[in-house]
Amino acid sequence: MAKRKESKPGLPLWYDQGKAAQWQLENSKELSIANHLAVYAESNGLSVRMLKRYVALKEFVDENFHQHIGKFTDQTPYSSIEELLKLHKLNPAKAAQIAESVISGQTIAAGVKHLIELETKDSGGRNVDNTRSEARKAAFQLQHAVVNHVNKHPADFGLSGTWKEIDLSGLSIKPDLGFETAKGKRVAIEIRYFSMNSSTAFFHQALTKYAWLQMGFFDEVYLAVNQDAVDLVGEYADGFLDWTGKQLGLRPIRLD
């Protein structure tokens, strides 16, 4: 039976690396090693640019959500905090509402992305606000439902044996979830909530990203959608096959 590597209370690796890099930056004049940050980055298989990004995210959490640092787990992904930072720039109050959930790993990057998408769309009138609120709630329900489904039925997403969530920070195109099995198979899951109100452009955007993921770092890619959107997405399946020569790995997820 497939089993997910359990997360444990504690700081994730990217936070510890950011802390170490921050110390080196703050004490650069006292360090005798030339290009000290580059040396540290190379010894850890990272770029200086990525290390500085880790520092920025660590500082962001320390300055804005220090009260939640104890909620970190060793597997809290960098990508979720990165999305939280983006949301904070748009709406600090909303970011504060979900910060603990993100830091503890309960809300993944996909859920924060949906909030960002809603924040960046024009709003107007009570009906639009109600629609946005309903979409926000459904998007959160879906991303939690996907995580639960992966944990209970990992084989539905090609996971077997022991597997773990992987750090997506080095990828130019990031899925909502990424996993690696003990045998080295890498699996990506893109999560999208669709409704009758979803525009054609929104469908095309999701499928374009999915196609790019199929051509990249991962061995298998799945598109997890709300169950009642299967027929909507299915209308694009034949066109996707003609376009890419590959099947759409659609996984409908029930929202309870």
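Which residue lies over the face of Phe217? Select Arg186: this residue sits over that ring, at 4.0 Å from the ring centre. The criterion is NZ of Lys or CZ of Arg within 6 Å of the ring centre and within 35 degrees of the ring normal.

The model is predicted, so local features need pLDDT of at least 70 and side-chain atom pairs pLDDT 80 or more, while totals for chains, interfaces and linings use all residues. Residues are numbered from 1 along each chain as its sequence is written, and side-chain values use heavy atoms, without hydrogens and water.

Next, the rings. Phe, Tyr and Trp (its six-membered ring) pair if their centres lie within 6.5 Å; planes under 30 degrees apart are stacked, over 60 edge-to-face, the rest tilted. The count is 15 aromatic pairs. Select Trp14 and Tyr15: they pair edge-to-face, 5.9 Å centre to centre, with 70 degrees between the planes. Both are buried (under 20% relative accessible area; exposed is over 50%, partly exposed in between; 1.4 Å probe, protein chains only).

Move to Phe157 and Tyr222. This pair is edge-to-face, 5.6 Å centre to centre, 85 degrees between the planes. Phe157 lies in the loop between α7 (125-152) and β2 (162-165) and Tyr222 in strand β5 (residues 220-226), so the pair ties together parts 65 residues apart in sequence. Helices (H or I, at least four residues) and strands (E, at least two) are DSSP runs, numbered from the N terminus. Phe157 is buried at 0% relative accessibility, and Tyr222 at 9%.

Last stop: Ile173, in the loop between β2 and β3 (177-181). Ile173 is partly exposed, with a relative accessible area of 30%.
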